[in-house]
Amino acid sequence: MRYPPIALTLSASLLAAPLWAETCPAPPDHSAALDALLEQMTEARNEMAGRALSNQMWELWTDAPDEAAQALLDRGMRARSGYDFLGAIDAFDRLVEYCPDYAEGYNQRAFVYYLSHNFAAALEDLDRTLERSPRHVGALSGKALSLVGLGRLDEAREALNSALALNPWLSERALMAPGGPLEPKGKDI
């Protein structure tokens, strides 16, 4: 029996998919650099210094395992920036399939879900991110925002407190200000 060329190509690509995940190298180990940045963050004197340190953390988190993973990450981030959420999800789906141990693939996909108001899906990917990178400040603050979106304010407050313990300069800290949705309980006058 002869199969049309497109059917053979599709079959070959479906069979190769599980092998593709095995070719992704381990994510880069930036734990020592991240430790140093987090230590500096708690000593930062102002928001500008905190923001500069935060940018350095993002450089570490967005350092993909190899060129193929970096290309998928960059493609997804460009698509998201252009509000092409379907294109971004496609790129991040491919990234997490290719590099299932790379935390940032899940984190970036969670951000797209959050922007799409799919807070439950965002929360799932943020938990996957935090399983792989427990001190990922962006994922912790994203988790807080997603929990706010789901109306789970006590859990959101807890997640944001965890993020602020690592980076006290996060802009999301305003959520905990008086009158904010995460204002600490028991602060009545």
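The chain exposes about 10,900 Å², and 57% of that area comes from carbon and sulfur atoms. Accessible areas here come from the Shrake-Rupley method with a 1.4 Å probe, and for residues only the protein chains shown count as cover. The model is a predicted one, where local features need pLDDT of at least 70 and side-chain atom pairs count only at pLDDT 80 or more, while totals for chains, interfaces and linings use all residues. Residues are numbered from 1 along each chain as its sequence is written, and side-chain values use heavy atoms, with hydrogens and water left out.

Of the 189 residues in the chain, 38% count as buried. Buried means under 20% relative accessible area, exposed means over 50%, and partly exposed is what falls in between (1.4 Å probe, protein chains only).

As for secondary structure, the chain has 9 helices and 0 strands. Both kinds of element are DSSP runs numbered from the N terminus: helices are H or I with at least four residues, and strands are E with at least two. Read along the sequence, that gives the pattern α-α-α-α-α-α-α-α-α.

Next come the contacts, meaning heavy atoms within 4.5 Å. Take those in the chain with a separation of 6 or more: 54% of them are between residues 24 or more positions apart.

What about cysteine pairs? A disulfide is a pair of cysteine sulfur atoms within 2.5 Å, and by this rule the count comes to 1. The partners are cysteine 24 and cysteine 99, whose sulfur atoms sit 2.0 Å apart. This pair ties together distant parts of the chain, 75 residues apart. Cysteine 24 belongs to the loop between helix H1 (5-22) and helix H2 (31-43), while cysteine 99 belongs to the loop between helix H5 (85-98) and helix H6 (103-115). The torsion about the S-S bond of cysteine 24 and cysteine 99 is about 100°, so the disulfide is right-handed. Cysteine 24 and cysteine 99 are both buried.

Tyrosine 83 is not a glycine, yet it has a positive phi of about 60°. This tyrosine 83 lies in the loop between helix H4 (67-81) and H5, and with a relative accessible area of 68% it is exposed. Histidine 117, also a residue other than glycine, has a positive phi near 65°. Its place is the loop between H6 and helix H7 (119-132). Histidine 117 counts as exposed too, at 60% relative accessibility.
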